[in-house]
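Subject: Structure handover

Hello,

Here is the structure for your files. My notes on it follow below.

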Amino acid sequence: MNKIDQYYFDLIDKQRNVYQQAHLYQQNRADVSQYIDWLQCIETGEPLTLKNGVLTNISLTKSYKITDNIADFRDQSILDHDKKWSRLNEKFLNYHKSLTSYALMRNLPLTHYVSAVTNLAHVKGKTIVDVGAGTGQSQCSFFRYPEENTYFLVDPNVRLLHDQFIRVYPQLLETKMNHILSHAEKLPFKDHSVDIVMSLASIDHFADYKAFIKEAHRILKKDGQLLIFSHLDVPLGGRILTKLKTLKLSLPVLLEIVARKLFQLANRVSVDDHTLHFHNAKPMEEAMQESGFTIAKKESFMRYFYLLGKK
Ligand SMILES: C[S@@+](CC[C@H](N)C(=O)[O-])C[C@H]1O[C@@H](n2cnc3c(N)ncnc32)[C@H](O)[C@@H]1O
């Protein structure tokens, strides 16, 4: 049985409740040799060579491990010095394991809206660096032609694919992605080397969002695009009020809410694991302009925003 058959036979006809922990699957990862030309040493900026499963800079002062086709560029200084980031990151990883198909269904229209309205949904032939990409499911949920682009999943955590993504996006099994462990604040890419950098629902998890924006500007080609999308921090009271206004209460709805809350409690899903809380998009817009981007498109809607910058 080949790998794809195995994946599907694991899922077909199996009971799959909304509130249950996900089965996790490895990404379909490309070999690092396929994309080494995009990469550089995060300390010296030198090109890298690949030998015996290790990436090394030209002057042989720095090397990076590769495990299961994931190149590890994590900057230990961020982990050592930013205790707040490390604590919130641990909290976040509880949430990751308990991401439900409820969350997937709720988020799909949002992802589709942002990809359509920014005109990024239909890009072809682009090199895309998705920073804070998590599972990398955006390769196939955000982009309509994943096989036509070169996609980099960049994240400091190894986050495997939940079965719900495999069920919904068959292309995740069919299209390779380039998987890199790295922090947003120090990206292992050469200057002027990529077409699109994006951060979807991740900038408010970073330790230093301004450093990320500077890095995005450095690695983008001329006319390259930076997309930042996330939620805005609306106080809990306001959120509950909006929910109550739109909620049509019925027994199934109440049971749903109770099931969801019980699942979250049982799995210690935290309500807030963000390092940064943005009430509006202004600080990020200003940081983009300071780094040399022009704002091509922006919108704040409901409790979300996106900013599309051009280099
Ligand atoms: C809410 S998830 C969003 C994942 C994905 N973009 C999506 O929309 O499904 C936030 C992600 O940011 C990542 N993250 C946290 N700190 C980071 C940092 N300093 N640099 C890059 N990514 C980071 C987390 O590991 C996590 O995968």
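Leu187 sits in the loop that joins strand S9 (178-181) to strand S10 (194-200). Helices (H or I, at least four residues) and strands (E, at least two) are DSSP runs, numbered from the N terminus. This is a predicted model, in which local features need pLDDT of at least 70 and side-chain atom pairs count only at pLDDT 80 or more, while totals for chains, interfaces and linings use all residues. Residues are numbered from 1 along each chain as its sequence is written, and side-chain values use heavy atoms, with hydrogens and water left out.

Leu187 has a relative accessible area of 1% and is therefore buried (buried means under 20% relative accessible area, exposed over 50%, and partly exposed in between, with a 1.4 Å probe and protein chains only). Leaving aside neighbours within four places in sequence, Leu187 is in contact with Ile42, Val131, Val154, Ser182, Glu215, Ala216, Arg218 and Ile219, where contact means heavy atoms within 4.5 Å. Val129 is 58 residues from Leu187 in sequence, and their C-alpha atoms are 9.7 Å apart.

Helix H8

Of the 11 residues of H8, 8 are buried, so the helix is largely enclosed by the rest of the structure. The buried ones are Tyr209, Ala211, Phe212, Ile213, Glu215, Ala216, His217 and Ile219. They pack against strand S6 (127-131), S10, S11 and H11.

Two packed helices are described by the angle between their axes and the distance between the axes. For H8 (residues 209-219) and H11 (residues 282-290), the angle is about 40 degrees and the axes are 9 Å apart. Axes here are lines fitted to C-alpha atoms, for helices over the stretch in contact, and angles run from 0 to 180 degrees between N-to-C directions. H8 and H11 are therefore oblique to each other (under 35 degrees counts as roughly parallel, over 145 as roughly antiparallel, 65 to 115 as roughly perpendicular and the rest as oblique). On the H8 side the contact is made by Tyr209, Lys210 and Ile213, and on the H11 side by Pro283, Met284, Ala287 and Met288. These residues divide into 6 nonpolar, no polar and 1 charged; Ala, Val, Leu, Ile, Met, Phe, Trp, Tyr, Cys and Pro count as nonpolar, Asp, Glu, Lys and Arg as charged, and the others, Gly among them, as polar.

Strand S11

Lys221 lies in strand S11 (residues 220-231). Its relative accessible area is 32%, so Lys221 is partly exposed. Apart from neighbours within four places in sequence, Lys221 is in contact with His192, Ser193, Val194, Asp195 and Lys311. Between Lys221 and Asp195, 26 residues apart along the chain, the C-alpha separation is 5.9 Å.

Aromatic pairs

The structure holds 14 aromatic pairs. Rings of Phe, Tyr and Trp (its six-membered ring) pair if their centres lie within 6.5 Å; planes under 30 degrees apart count as stacked, over 60 as edge-to-face and the rest as tilted. Phe142 and Phe143 have ring centres 5.0 Å apart and planes at 65 degrees, so their pair is edge-to-face. Phe142 is buried at 1% relative accessible area, and Phe143 is buried at 2%. The pair of Phe206 and Phe212 is edge-to-face, with 5.1 Å centre to centre and 70 degrees between the planes. Phe206 is buried at 7%, and Phe212 is buried at 0%. Ring pairs also link Tyr113, Phe229, Phe301, Tyr304 and Tyr306 into a cluster.

Regards
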